[in-house]
Amino acid sequence: ELLSERAYEAPQGEAEQALAAIWSQVLGVERIGRHDNFFELGGHSLLAARLVARVHQVLPGDFTIRDVFLGPTLAAQATGLSGSAQQQSTRQALSEIDALIDRMEAV
């Protein structure tokens with residue numbers, strides 16, 4: 001089992017905790033810290049694909065293999081997921097406002 005050289009810091013917030021549980025399953029590593037690096041813990045491209053698939057099943061937001069490579073730490077991935085979910089909420093709200101305006105104009 002490969003271990004990160006960084007000091008352990010527990011996952012913070014719902015997104016990090018959920019993502020840590022997924023990492024643990026995918027990597028077969030019991031304890032995942034928020035500054036751990038997916039690849040330093042034994043991750044590789046095939047496991048990154050598995051990670052993305054599991055994230056899509058459990059968490060809202062856009063998450064791609066590219067995100068795993070660009071932000072390989074747990075904290076970076078959770079931040080990206082949170083931002084993505086927030087952007088989706090904003091897009092949904094704007095879409096609903098646009099539809100309401102269209103209905104009002106039709107009256």
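Visitor: Does Leu51 count as buried or exposed?

Guide: Buried is the label for a relative accessible area under 20%. Leu51 has a relative accessibility of 0%, so it counts as buried. Bear in mind that this is a predicted model. Leu51 belongs to helix H2.

Visitor: Which residues is Leu51 in contact with, once its neighbours within four places in sequence are left aside?

Guide: A contact is a matter of heavy atoms within 4.5 Å. For Leu51 the partners are Leu19, Ile22, Trp23, Val26, Phe38, Phe63, Val68 and Gln77. Among them, Leu19, Ile22, Trp23 and Val26 are also buried residues of H1. A C-alpha distance gives another view: Leu51 and Gln25 are 9.0 Å apart in space, although 26 residues separate them in sequence.

Visitor: What is the overall pattern of the protein along the sequence?

Guide: The pattern reads α-α-α-α, with four helices and zero strands. The protein has 107 residues, of which 34% count as buried. Among contacts with a separation of 6 or more, 59% are between residues 24 or more positions apart.

Visitor: How does one check the span of H1 against its 15 residues?

Guide: Compare the expected span with the distance between the end C-alpha atoms. At 1.5 Å a residue H1 should span 21 Å, and its end C-alpha atoms are 21 Å apart, so the two agree.

Visitor: Which residues of H1 are buried, and where do they sit around the axis?

Guide: Glu16, Leu19, Ala20, Ile22, Trp23, Val26 and Leu27 are the buried ones in H1. Their arc around the axis is only 170°, which means they lie on the same side of H1. Glu14 and Gln25, on the other side of H1, are exposed. After H1 comes Gly28, which has a positive phi, near 70°.

Visitor: And which residues of H2 are buried?

Guide: In H2 they are Leu47, Ala48, Leu51, Val52 and Val55. The arc they cover around the axis is only 145°, so they fall on the same side of H2. Leu46 and Gln57 are exposed on the other side of H2.

Visitor: What does Val52 touch, beyond residues up to four places away in sequence?

Guide: Val52 touches Phe63, Thr64, Ile65 and Val68. Its relative accessible area is 9%, so Val52 is buried.

Visitor: How many aromatic pairs does a search of the whole structure find?

Guide: Three aromatic pairs are found. To classify a pair, look at the angle between the ring planes: over 60 degrees counts as edge-to-face. Trp23 and Phe38 have ring centres 5.5 Å apart and planes at 70°, so this pair is edge-to-face. Trp23 is in helix H1 and Phe38 in the loop between H1 and H2, 15 residues apart, so that the pair links distant parts of the chain. Each is buried: Trp23 has 0% relative accessibility, and Phe38 has 0% relative accessibility. Together with Phe39 and Phe69, Trp23 and Phe38 form one aromatic cluster.

Visitor: Which residue lies over the face of Tyr8?

Guide: Here the thing to look at is a charge placed over a ring. Arg31 lies over the face of Tyr8, 3.9 Å from the ring centre.

Visitor: Is Arg34 buried or exposed, and what does its side chain make a polar contact with?

Guide: Arg34 has a relative accessible area of 15%, so it is buried. It sits in the loop between helix H1 (13-27) and helix H2 (45-58). Its side chain makes a polar contact with the side chain of Glu16, at 2.6 Å. Leaving out residues up to four places away in sequence, Arg34 touches Glu9, Ala10, Pro11, Gln12, Glu16, Thr73, Leu74 and Ala75.

Visitor: Where does Thr73 lie?

Guide: Thr73 is in the loop between helix H3 (65-70) and helix H4 (74-106). A polar atom of the Thr73 side chain lies 3.2 Å from the backbone nitrogen of Ala76. Not counting residues up to four places away in sequence, Thr73 touches Trp23, Arg34, His35, Asp36 and Asn37.

Technical notes:
Residues numbered from 1 in each chain as written. Predicted model: local features only at pLDDT ≥ 70, side-chain atom pairs only at ≥ 80, totals over all residues. Heavy atoms only, no water. Helix = DSSP H or I, 4+ residues; strand = E, 2+ residues; numbered from the N terminus. Buried < 20%, exposed > 50% of the residue type's maximum accessible area, 1.4 Å probe, protein only. Polar contact = N/O pair within 3.5 Å; in protein donor to acceptor, adjacent residues only side chain to side chain. Expected span 1.5 Å × (residues − 1). Arc of directions from axis to C-beta. Phe/Tyr/Trp six-rings, centres within 6.5 Å; stacked < 30°, edge-to-face > 60°. Lys NZ or Arg CZ within 6 Å of the ring centre and 35° of its normal.
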